[in-house]
Amino acid sequence: MNRVRTKRLSKDLLFDFLNYTLLTVIMIVTLYPFLNVLAISLNDSTDTVRGGIHIWPREFTFNNYLEIAKYDNLVTGFMNSVLRTVIGTVIGVFAQAMVAFTLSRADFQGRKFVSTFIVLTMYFSGGLIPGYMLIRDLGLMNSFWVYILPGLVSAFNIIIIRSFMDGIPFSLQESAKMDGANDFTIFYRIILPLCKPVLATIALFVAVGQWNSWFDTYLYNSMNESLTTLQYELMKILDNTTVGGNIDASQMKPNEAESNHVSPDSIKMAITMVTVIPIMMVYPFVQRYFIQGMTLGAVKQ
């Protein structure tokens, strides 16, 4: 018996060792690129050209970020990006949840037809030019709502939410109906509270998409500086840096346009950090809902 226990204990220890080793390697592989980008963005540009920067800056400086801050319209772009992310996420998740709730209803006669129609939109689209003409004819050009309305509903997100709602017993809705609740009450008071995990996941998807989007600004609002976005402004900085080697001084604020030797790589890394860090700060607020979702999935029969 002691030998058997000893063998089992040794096997458990070996498994734990291999498991922790594998997870550590995965963590290093995943974390290293982020730390490398952060180190280069905080390192002196002239020194960065020498190479050899890994996870710690050799000559610490904020000059790369200060150089980006000189760029005009950056504050306006940041505010517009925050607004479109918050408004687009709230309205988008709510609208997609309403569509998914309708399609999840067992008493909805046309659910199969509507579901098929929605799925088809994932494979077929009019293309870029018809889409541009549609936005123009709808009067959304040079408008903030062009960031919100065209992407308000996503077929993929609707399918995910509906699949989660299908796991909620329909008897709950029937019981609420018998107690006098209407469809809106059932949606607000019963369905939405039970769908917090999937709604938090979809909210993160929508928020990341809104935050990272810049092409719609380029297409529809590039002539209106008051509607520019952070990603679009950073894209212009990156384009100027890549082509010319330095930020175009004509695009900076008049009193701040001065010669500052910066390397394109340092500016690229600083732009990457400016883009990534704000949206990363959202994750801790939705992490607990991910945990709840995994727990529900584990105990779900």
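**Close-up views of a predicted model**

**View 1. Phe187 is buried in the predicted model.** The relative accessible area of Phe187 is 3%, and the residue belongs to helix 9, which covers residues 183-194. Leaving aside residues up to four places away in sequence, Phe187 is in contact with Phe94, Ala97, Met98, Phe101 and Leu192. One of these contacts, Met98, is 89 residues from Phe187 along the chain, with 7.9 Å between the two C-alpha atoms.

**View 2. Asp47 and Arg50 form a salt bridge.** The distance from N to O is 2.5 Å. Are the two partners buried or exposed? Asp47 is buried because its relative accessibility is 3%, under the 20% limit. Arg50 is exposed because its relative accessibility is 61%, over the 50% limit.

**View 3. Asp166 and Arg111 form a salt bridge.** Here the N to O distance is 3.9 Å. The pair connects distant parts of the chain, 55 residues apart: Asp166 is in helix 7 (residues 155-166) and Arg111 is in helix 5 (residues 111-120). Asp166 is partly exposed at 40% relative accessible area, and Arg111 is also partly exposed, at 24%.

**View 4. Arg136 and Asp137 form a salt bridge.** Their side chains meet at 3.4 Å, N to O. Arg136 is partly exposed, with 44% relative accessibility, whereas Asp137 is exposed, with 59%.

**View 5. Arg105, Asp107, Lys177 and Asp183 belong to one network of salt bridges.** The salt bridges in this network share partners. Side chains of opposite charge can pair when their charged atoms come close. How many salt bridges does a search of the whole structure find? The search finds ten.

Technical notes. Residues are numbered from 1 along each chain as its sequence is written. This is a predicted model: local features need pLDDT of at least 70, side-chain atom pairs count only at pLDDT 80 or more; totals for chains, interfaces and linings use all residues. Side-chain values use heavy atoms; hydrogens and water are left out. Helices (H or I, at least four residues) and strands (E, at least two) are DSSP runs, numbered from the N terminus. Buried means under 20% relative accessible area, exposed over 50%, partly exposed in between (1.4 Å probe, protein chains only). Contact means heavy atoms within 4.5 Å. A salt bridge is a side-chain nitrogen of Lys or Arg within 4 Å of a carboxyl oxygen of Asp or Glu.
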